[in-house]
Amino acid sequence: MRSLKSKFGALMVASSMFVGGSIMASTEIDMIYTHGNVYTVDAAHPKAEAFAIKNGKFYAVGSTEDMLKLKTKHTKVVDMQGKFVMPGMVEDHIHPDMAAENIMNINIPTPEMTYEEFGAEITKFLKEHPDTKWIFGGPMNWLKDHEGNIDVWNIPSNHKVLDKWVNDRPAFFWDLGGHTGVINEFAMKKYGIKKGNKPPKGGSWDYDKDGNPTGIIREVAANMIWEEFLKERPSPEEQAKRGFIPVFHELNSYGFTSITDIWARPWNIENYQALEDMDRLTTRVTIYVTDPVDWHGKWIKKLTQDLIDKGPHKYSDKVNLIGIKFVLDGSAGGQTAVMKEPFIGTKNRGFWRNDPEYFKKKVVEYDKMGYVVRAHAVGDRAISTVIDAIEQTRKYGSTRRHGIAHTVFVDPADYDRIKANDVLCDMSPYFWMPDPAIETIKADVGEERLQWIFPFRPLLDRGVHMSAGSDLTVSPINPWKPMEGMVTRQLPGGVGKPVNAKDMAITIEEAIYIYTMGGAYSEQKENEIGSITPGKFADFIVLDQNLLEIKPTQIHKTKVLSTFLGGRQVYRSGEDVPHITYKERKNVPFMGSPTHQ
Ligand SMILES: [Zn+2]
């Protein structure tokens with residue numbers, strides 16, 4: 001049934017309909033969508049006009065005339081009036097739990113929120129939840145080293161920023177990058193963050209000039225406090241209702257029907273199952289659990305390990321646990337990306353967040369358990385290390401889809417090794433899109449290595465598997481701006497100087513492929529989603545403009561009119577979508593912050 005098309009396809013279907021009464025009943029078509037401008041992303045038949053849906057899956061794809069021949073007694077027919085239709089998109093790197101947690105607590109949806117507005121949110125939350133044990137939220141618009149000023153607020157990064165609003169219970173806020181937090185004085189006292197005490201392994205905290213901790217806590221030291229907050233988490237039903245439903249609704253509004261939760265906590269599966277039980281899971285979810293090394297507390301390490309020990313598991317058509325996530329290095333802006341050569345004007349080659357030897361050993365272990373591994377790697381040396389680790393598994397014949405997350409500074413010498421070892425590259429086109437922060441990065445890495453950023457063209461030319469993700473809550477989920485950047489290598493609307501456009505730019509068809517089939521392949525679902533093909537789930541979106549006909553500089557204006565998951569509408573334009581996840585930023589550096597990962 002894979003290649004049904006036009007007359008021949010219709011004949012095949014027709015002949016199967018004449019087999020007998022009982023078969024007749026099972027060939028009842030639920031829906032036929034006609035007169036569309038359908039871009040299928042199916043290489044065999046890229047364009048079509050109509051499709052038929054049965055039991056939540058595409059049954060046939062072709063011309064309006066042929067599809068209408070399949071109409072049975074109860075079939076509903078919808079005229080798409082020439083609209084552009086494509087497969088539902090795959091968001092292959094996202095942290096929905098971070099967004100959900102902020103929404104359930106104190107969400108800072110815009111970088112332009114003033115300090116007074118922030119305080120008003122805290123006061124309101126305390127009034128509405130007088131018994132709350134914690135004041136928690138984010139993402140805060142960049143906490144800085146050495147008590148440097150927080151952007152927009154222009155007040156120093158230390159505990160006082162919270163003490164003013166809450167001093168009778170612990171408070172914790174994440175920085176935008178999700179690797180650094182700030183706590184209030186109450187929390188510092190309660191959890192022993194004081195002069196003389198050392199931060200836990202893998203973490204650090206900042207000190208003022210007198211050697212007192214400032215309340216800025218990093219990496220595992222931030223986790224240590226965050227995990228105390230997580231102990232008090234609401235039930236899965238509660239988290240599903242108040243946290244995840246709004247996040248998924250917003251994802252649907254941008255055309256996403258499948259996501260990869262790439263650093264999942266062990267209980268996220270229960271949250272997704274709770275959503276399924278309520279019939280409110282409106283995207284498919286592929287899960288990578290974080291390796292226990294990234295947690296601090298014994299209790300959470302154990303929960304994670306117990307889940308990992310059970311092995312990969314398909315929980316339903318929508319929920320699938322396939323992998324383990326590692327974080328190897330940091331970021332360019334903070335000079336924590338692990339580089340082969342030092343950052344300009346320094347001897348610093350970056351910072352291993354986790355031991356690369358431990359990582360290499362675990363890749364083989366997980367591979368043998370049936371898991372895929374994805375590792376955050378920004379610097380060229382960290383990327384080379386991931387390739388080395390995957391190469392070990394190729395030596396004994398493993399074909400698992402291990403990959404690199406972010407894939408930023410790729411040494412051109414590694415392009416062929418990426419292909420030879422079939423390394424999957426998850427790209428972050430939003431935060432590597434040319435923007436004013438590029439100047440900061442240039443100062444850190446120099447002109448030559450700047451040209452290595454986000455090398456779509458040379459990797460595609462070699463046939464490397466690629467996918468894309470926003471890394472929410474780090475970047476907004478809107479895919480249309482980064483998609484335009486992939487084609488133009490410029491800011492939306494063709495603003496500013498292109499960055500290595502000649503060598504790295506790709507076509508809109510290639511960009512769509514990365515956001516659909518590329519993501520589906522990464523999620524090990526290329527036979528289920530990613531294209532409008534008979535037999536696959538009827539996940540599709542209707543847009544307000546034809547991506548293949550408009551000027552590339554218009555791509556960022558795209559609006560989704562409707563989103564369908566398994567044939568069912570999960571979003572229609574005009575619906576009130578809660579504005580909850582991080583809003584578009586104006587000239588806010590994506591890579592320039594010391595805390596950005
Ligand atoms: Zn991430």
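User: Where does Pro139 lie, and how is a strand defined here?

Analyst: In this predicted model, Pro139 lies in strand 10, residues 135-140. Strands are DSSP runs of E with at least two residues, while helices are runs of H or I with at least four residues, and both are numbered from the N terminus. A cis peptide bond joins Gly138 and Pro139, with omega about -5°. Local features need pLDDT of at least 70, side-chain atom pairs count only at pLDDT 80 or more, and totals for chains, interfaces and linings use all residues. Residues are numbered from 1 along each chain as its sequence is written.

User: Why is Glu219 called buried?

Analyst: A residue is buried if 20 or more other C-beta atoms lie within 10 Å of its own, exposed if 12 or fewer, and partly exposed in between, with C-beta atoms placed from the backbone. Glu219 has 26 C-beta neighbours inside 10 Å, and therefore counts as buried. Glu219 is found in strand 14, residues 213-219, and has a positive phi near 50° although it is a residue other than glycine.

User: What makes Gln81 count as exposed?

Analyst: Gln81 has 10 C-beta neighbours inside 10 Å, so it counts as exposed. Gln81 sits in the loop between strand 6 and strand 7 (84-87), and its phi is positive, about 50°, although Gln81 is not a glycine.

User: How do you know that strand 1 and strand 4 pair?

Analyst: Two strands pair if DSSP finds at least two bridges between them; 3 bridges join strand 1 (residues 31-34) to strand 4 (residues 50-54), so these strands pair, and they run antiparallel. Ile32 has Ala52 in strand 4 as its bridge partner.
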